[in-house]
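Please read them with the coordinates open.

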Amino acid sequence: MKLPVLKYIAIATFSLFVISCNDNDDNMSEMDNQFAGVYEQKDQMGRPAVNTVFVSSASKNAFNTTVPSQQGAAFQSMFQTNLMGLSPAFANAGDKNALGLDAASFTGLLATDVLNVSLDGKTTFFDGTNVLTGRALADDVITVELLLIFGGEDFSENPTLSNDNVDANDKPFLTSFPYLASPW
């Protein structure tokens with residue numbers, strides 16, 4: 001279910017981009033008027049499911065409208081409380097995950113909802129070596145998040161909680177732009 005949702009988001013974004021771009025300068029003032037107004041951030045999903053799991057219902061709007069550089073200070077303690085309540089892998093002080101991060105450090109990373117991008121290495125959510133250096137289409141993002149939350153220091157703890165059992169997209173990715181298969 002996770003990759004089809006991403007597929008629709010990418011298609012909708014691409015469609016908006018294509019509709020918004022044209023070579024006819026005569027329509028620019030009309031197009032500018034369509035985007036006039038005040039805009040407000042409504043959702044953040046740099047790391048899918050993190051917001052859903054770690055932000056309490058009463059704080060969703062505040063989290064979604066907080067600038068990422070301020071999220072850690074505002075929400076890290078909530079993330080840590082929720083992580084320690086959810087995950088047996090972080091039940092004891094000093095417990096660490098496969099990144100070597102304890103609960104406070106890991107939730108500090110998670111509370112800043114941005115997608116990191118490696119400028120000098122492989123872009124991947126996890127490939128067995130590189131972790132959180134970006135995200136490729138085929139990356140199993142939810143399983144990686146579950147492993148980091150429940151899997152302990154070597155991904156072996158809590159195996160029934162550490163995999164969503166969705167291992168691939170329902171359709172193969174294309175080899176050229178837009179790379180996503182057409183929806184069903």
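1. The structure holds one salt bridge, a term used here for a side-chain nitrogen of Lys or Arg within 4 Å of a carboxyl oxygen of Asp or Glu. The partners are Lys122 and Asp127, whose closest N and O atoms are 3.4 Å apart. Lys122 has a relative accessible area of 47% and is therefore partly exposed, and Asp127, at 30%, is partly exposed as well; buried means under 20% relative accessible area, exposed over 50%, and partly exposed in between, with a 1.4 Å probe and protein chains only.

2. On provenance, this is a predicted model, in which local features need pLDDT of at least 70 and side-chain atom pairs count only at pLDDT 80 or more, while totals for chains, interfaces and linings use all residues. Residues are numbered from 1 along each chain as its sequence is written, and side-chain values use heavy atoms, with hydrogens and water left out.

3. The protein chain has seven helices and zero strands, which gives the pattern α-α-α-α-α-α-α along the sequence; helices (H or I, at least four residues) and strands (E, at least two) are DSSP runs numbered from the N terminus. Of the 184 residues in the protein chain, 32% are buried. The accessible surface of the chain comes to about 11100 Å², and 58% of it belongs to carbon and sulfur atoms, the areas coming from the Shrake-Rupley method with a 1.4 Å probe, where for residues only the protein chains shown count as cover.

4. Which residues have the most contacts inside the largest nonpolar core? They are Phe54, Phe79, Leu83, Phe90, Phe106, Leu110 and Ile149, in a core of 21 residues; such a core is a set of buried Ala, Val, Leu, Ile, Met, Phe, Trp, Tyr and Cys residues joined through side-chain atoms within 4.5 Å. Helices α3, α5, α6 and α7 each supply at least two residues of this core, and the largest share, five residues, comes from α7.

5. In α6, the buried residues are Ala103, Phe106, Thr107, Leu110 and Ala111. Seen down the axis of α6, they fall within an arc of 130 degrees, so they line one face of the helix; the arc is that of the directions from the helix axis to the C-beta atoms. These buried residues pack against α3, α4 (60–65), α5 and α7. Leaving aside neighbours within four places in sequence, Phe106 is in contact (heavy atoms within 4.5 Å) with Leu83, Phe90, Asn97, Leu101, Leu148 and Ile149.

6. A search of the whole structure finds six aromatic pairs, where rings of Phe, Tyr and Trp (its six-membered ring) pair if their centres lie within 6.5 Å, and planes under 30 degrees apart count as stacked, over 60 as edge-to-face and the rest as tilted. The rings of Phe54 and Phe79 have centres 5.5 Å apart and planes at 20 degrees, so this pair is stacked. Phe54 lies in α3 (residues 50–54) and Phe79 in α5 (residues 68–86), so the pair ties together parts that are 25 residues apart in sequence.

7. Phe126 is partly exposed, with a relative accessible area of 24%, and Phe155 counts as partly exposed at 23%.
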